[in-house]
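Work through the exercises below with the sequence and the model in view. Each task is followed by its solution.

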Amino acid sequence: MSDLALIAGLPEVRSAVLGDLAGGFYDAIKEPDGETVAAVMGFLATAVLQAGEHLGLGALRRAAVSGPTRAHLLVLHGTSVMTACVEPPASLASVEKALDAALTGRR
Amino acid sequence: MDTILQSLLDLAGVTAALVFDGAGKLVAHRGHGVYDRPLCEQVSATLVKATDAVALQQRDWESLTAQFADGKLLLRNLGATGDGRSHVLALVADASLNPSFATVAVRVAATKLRKVLEGGPGSSATDLGGSRPPPAASSSQIPPPPAASSSQIPGDSRPVLANSGLSWSKISSVGLSRVAVADPAAGAFLTRCAKELARHVGPIAKVYVEEAVRRVSADAPFALAAAGPLLEDLANQIEDPDDRAKFRGALKNG
């Protein structure tokens, strides 16, 4: 099972997209407009990465955007960016934890 | 606003706290060590690209948390003020940050900052304590530095003073009313600093001087013994090297 399928398989994850830091689109699960999501999230990850470089924070590992009805979780692997749309946003922490456990087990 | 950001900076693990607007312009900042104004301005300009991208995907976003190898970056959307300008609070932290405490502290700070930005008590431009010029100066036409006789204090600035713990002593004719000085000579020096700095940075100069005094003389009234560090601190607010040298020269020779 790919990492994308792993993320999309979590019950709180509504959709998942795989792209890269340049905004390129690779794959999507349950997301009809994966190209747009990949482009936006690639740009977002790049900007946050640059800010982190200015601040000396090292490599960006993940980012989470939260709102009243949903959240987006970005996980970086090298230049790949995986984005998961989480609903409800309160489930963000449990999704991160499940993802950590799953990815740690695979390494 | 400075007081609110300082309260965040007091949190264990936090290395800088800043507020920037929707144009990526730094409004206010507080930071340890290397997290000075130029760096925070650079970071603000970069982070606004990130928040613009977030808004494309999730217009109602409230917070963004980024986990790095050596620290964290927390952004909180402060929303738009009456004039339509949006603002974002950013917190920079190292790995020792307690995420639970930080979440609560950021929420509290965001609530207070919204009140200040929306025109609550102490919301005048001089109270923002940062790099944003007064709203009237937001266009390309920048008003001249305050005249020597214009020492009128904004009526709504006192509530913030009451909370800041800073003493209230009128020391100069350029509105430096929020810093304490050891003697009249020190007050006169600050006045000269503000006037000279205003030649290079405009009317925001007096805010810069107030902030610099707090940095170099945080625990005691400003005295001439701290003139050297203050001069260097203020010189760093001037981007152009030639202007910086002129500023230093004018005050050292004056």
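Two strands pair if DSSP finds at least two bridges between them. Helices (H or I, at least four residues) and strands (E, at least two) are DSSP runs, numbered from the N terminus.

This is a predicted model, in which local features need pLDDT of at least 70 and side-chain atom pairs count only at pLDDT 80 or more, while totals for chains, interfaces and linings use all residues. Residues are numbered from 1 along each chain as its sequence is written, and chains are lettered from A, with ligands numbered from 1, in the order in which they are written.

**Exercise 1.** Determine how strand E3 of chain A pairs with E3(B).

Solution. Start with strand E3 of chain A, which spans residues 60-66. Its pairing with E3(B) is antiparallel and runs over 6 bridges. Then take one residue: Ala64(A) has Thr65(B) as its bridge partner in E3(B).

**Exercise 2.** Describe the contact between chain A and chain B.

Solution. Residues are in contact if their C-beta atoms, placed from the backbone, lie within 7 Å. Chain A supplies 25 residues and chain B supplies 26. On the chain B side, the elements giving two or more residues are helix H2 (37-57), strand E3 (63-68) and strand E4 (71-80). H2(B) contributes the most, with 11 residues.

**Exercise 3.** Outline the secondary structure of chain A.

Solution. Count the elements: chain A has 3 helices and 5 strands. Next, read along the sequence; the pattern is α-β-β-α-β-β-β-α.

How values were computed. Two residues are in contact if their C-beta atoms, placed from the backbone, lie within 7 Å.
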